[in-house]
Amino acid sequence: MEFGDLLLGFSIAFTPTNLLFAFVGVLLGTIIGALPGIGPSAGVAVLLPVTFGMPPVTAMIMLAGIYYGAMYGGTITSVLINTPGESASVMTTLDGYQMALRGRAGAALGMAAIGSFIAGTISVVLLMIAAPPLADFAVTFGPPEYFALMVLGLTTLASLTGDSMLKGLLMAVVGLILGTIGIDLMLGAPRFTFDNVHLLDGLDFLPVAVGLFAIGELLYNLYRPVRAEPIKAKLSGLLPTRQDWRDARGGVARGTAIGFFVGMLPGAGATIASFLAYATEKRVSKRPEKFGTGTIEGVAAPESANNAASTGALIPLMALGIPGSGTTAVMLGALTLYGMQPGPLLMSTHPDVFWGLVASMYIGNVMLLILNLPLAPVFASILRVPYSILIPIIIGVALIGVYSFENSLFNVGVAVVFGGIGFVMRLYGYPPAPLVLALVLGPMLERALRQSLQMSLGSPEIFVTRPVSAVILAIAAAAVILPLVAWTRTRLAARALAS
Amino acid sequence: MSFSPARAACVAGALAFLSAVPALAQSGTQIPDLPESSWKPDKPVEFVVQASAGGGSDIFARTMAEIMGKHGLVDVPVNVVNKSGGSGAVAYAYMSTKKGDPHVIATATSSYLTTPIQGHSPVSYKDFINLAVLCVEDYVGVVNAESPYQTLTDLVEAARENPNGIRIGGSSVGSSDNIIENRLEKAAGIQLNYIVFQGGGDANAALLGGNVDLAGPNPSEAAQLVEAGRLRAIAMFSAERLENWPDVPTAREQGFDVTLEQHRGVILPADLTDDQVLFWQNVMVKLFQTDEFKKYLEDNGLRPLLKVGEESEQYIAEQHEYYKEILTELGIAKKE
């Protein structure tokens, strides 16, 4: 990188048109992220035609703005109504919603905005100074390494959610089973599709999440109102306090590091990043038992991670022309549409696009902070709207979002069916988060496992002979064994004490 | 506009020894002379794309929709609608409900044929009017620039010594790279290890990271990585060398008769009147000749190939037989 390049970038990003479209992008992104039922990749895809006729750099600035803006926006519904707007926000529901129930929604949203800003900005710096070498590192991650990463993710799942580990694990298993629906990757055979063409690609995250979280919650409220009265809180008390910041800053830092690293791997992504960030935070915390009851670091870590991950995912895209996520795949298509060849030469053949985009991301993150911090109390005051009015509106919007994703009425049906399931789960205290996370991670895990075994012609040795995968698997093993050891020890100590 | 099964069988017989693909590659630029149609659309046209936004088919459809509007070929709005899912099964199942409706058209590429052959779709090419074929895409064999294999022959030699030892990264079972793998194994008498990644991007990443030895993307997907010296093109799976890749020998030149091309075309619902079909044929022929379409082909590394009417029906039927034979050999065709 040369300083002149960045100056070029800022000179492009600061033109009135590009500033305007960066703003439009982050604003739309915030809205798309906030609406349950529309994820960032669908949002970028739906809005792609709008960018036709724009200069390529302007279009990329807007699309990238939607992408990282959606990571800010995804927090809002997770915190306020316990409904993740996209899969990378599922972890945020765990502590964010609990904070909202205690009247601290503003603090959660504010901290998420600050964490996202820090994570986003640090990630842009890394993108700027080291994209090519980082991309080269990212592609060395092969199927065995992804398998190890997914195992690490799933082993931490049990410890994450709800009061009952058994119920959490059970839901994770249901998610894994649902994740097997669709065409078998290696053999091409349809599994559990019952000759329905809509099931060939498996169940999408969004309709399932809308059903389990939003509709399930609504039905439960009809049955047994959780919150008859809207939350009453003073607006002044709605921003994060100094103590909040002290509690959360470690989470922001670790979330940023994990998010950026995992995000830039083409086969991983923001969901697993947010997940690992939350699990790490719980593990290093001095008060792990408080997680899930409304800790600020439980919001800050995954929110920082998903933002860092969305920027990290641009690294293989910009440096090698390889998309690292569904959203960057759409952006790759966009580059092609504008007549550019994405790939390692993009930075030298179209420096204006790369540097303009990088510079716009600094500006976009500032815009998002300015947009989100003062708005946190405003959004939080949405909770003053009676639940009976708020939720039907949300569900209407969510179902339209689910439909618009693939113009599919089938997905609307999926959301409604899972709404019924979500209600029953809520009734008996089964947490939905492990289910939807396993639904997202399960197919990735299976794919990596089978690819690895295909590479090694069936020998599982491949997982331990490759150093990176061996190390990650060792960490995963430790994550299972250490708590067991600690638990046995306390058990024994208690028994010794009793006798 | 229907196509008799008897004739399909006859075509298939004729093609059993003639590799279907190269014979057709040369005849792409014949512009048919069609009479004007007396029918024209009187409400907005829905242009269904069987893949999601930003992909190759989407870009194809959006480019065409724009040209139709700009050149006044269609004077009602043409709305591109993505109905992705099930490798085309969702979109074509939807199209089959539009029988007799001339205001809906759809893009089609190899999945239009391979998905039904695998038994994943309730409808097949016989349930639609195969309006036109407009271009074809080629495939190139690429290895990591640091790979010891300088030519396809090197790679085949290595595979002979070490059956299953050479890994080829592909996008899905029954996809073009899977077909190339199968043809190459057959032509060279070797056994390769085919590993499915999701989409060409992941396969390219696996190639760059040294996790696979070979991949078979479209030339446009690999162009920059080759130009930047990250990947090396060792064989073109086309009948003749490509204009833009003059230094890359074909597989055939290296002694392995492996050719594959993927068409891109447009289909209509069944049961339209001759006049309605003629209208759309005219649109396709005129669109094909615009500068914008030529630029699109060039930008995306596509070869022009125009087939309309009976020629298009025949081409699709031939391709269908070709894919069916290979997918049957791969063991993934649905048994009848």
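Mentor: Terms first: a salt bridge here is a side-chain nitrogen of Lys or Arg within 4 Å of a carboxyl oxygen of Asp or Glu. Under that rule the side chains of A:Asp247 and A:Arg287 form a salt bridge, at 3.6 Å from N to O.

Trainee: Before we go on, what sort of model is this?

Mentor: This is a predicted model, in which local features need pLDDT of at least 70 and side-chain atom pairs count only at pLDDT 80 or more, while totals for chains, interfaces and linings use all residues. Residues are numbered from 1 along each chain as its sequence is written, chains are lettered from A and ligands numbered from 1 in the order in which they are written, and side-chain values use heavy atoms, with hydrogens and water left out.

Trainee: OK. Where do A:Asp247 and A:Arg287 sit?

Mentor: A:Asp247 is in helix α10 (residues 242-263) of chain A, and A:Arg287 is in the loop between α11 (270-284) and α12 (297-312). They are 40 residues apart, so the pair links distant parts of the chain. Helices (H or I, at least four residues) and strands (E, at least two) are DSSP runs numbered from the N terminus.

Trainee: Are A:Asp247 and A:Arg287 buried, exposed or partly exposed?

Mentor: A:Asp247 is partly exposed at 27% relative accessibility, and A:Arg287 is partly exposed at 28%. The cut-offs are under 20% relative accessible area for buried, over 50% for exposed and partly exposed in between, with a 1.4 Å probe and protein chains only.

Trainee: How far apart in sequence are A:Arg426 and A:Glu217?

Mentor: Their side chains meet in a salt bridge at 3.1 Å, N to O. A:Arg426 lies in helix α18 (residues 409-427) of chain A and A:Glu217 in helix α9, so the pair ties together parts that are 209 residues apart in sequence. A:Glu217 is buried, at 3% relative accessible area, whereas A:Arg426 is partly exposed at 31%.

Trainee: And what about B:Glu157 and B:Arg160?

Mentor: B:Glu157 and B:Arg160 form a salt bridge, with the closest N and O atoms 3.2 Å apart. Both lie in helix α6 (residues 152-161) of chain B, three residues apart, or about one turn of the helix. B:Glu157 is partly exposed at 38%, and B:Arg160 is partly exposed at 42%.

Trainee: How many salt bridges over all chains?

Mentor: The search of the whole structure finds 25. There is also a network of salt bridges linking A:Asp184, A:Arg191, A:Glu446 and A:Arg450.

Trainee: Switching to the interface. How many residues are in contact between chain A and chain B?

Mentor: 44 residues of chain A are in contact with 44 residues of chain B, where contact means heavy atoms within 4.5 Å. The area buried between chain A and chain B is about 3500 Å², and carbon and sulfur atoms give 59% of that. Buried area is the accessible area (1.4 Å probe) that two parts lose on being put together, summed over both.

Trainee: Which residues of chain A lose the most area to chain B?

Mentor: A:Val197, A:Gln341 and A:Met455, which together make up 16% of what that side buries.

Trainee: How many salt bridges cross the interface?

Mentor: The rule finds one across the interface of chain A and chain B. B:Arg230 pairs with A:Asp136 in a salt bridge, the closest N and O atoms being 2.8 Å apart. The side of chain A that touches chain B divides into 26 nonpolar, 13 polar and five charged residues.

Trainee: Last one: how many helices and strands does chain A have?

Mentor: Chain A has 21 helices and two strands. Buried residues make up 59% of its 499 residues.

Note on methods: Nonpolar A, V, L, I, M, F, W, Y, C, P; charged D, E, K, R; others polar.
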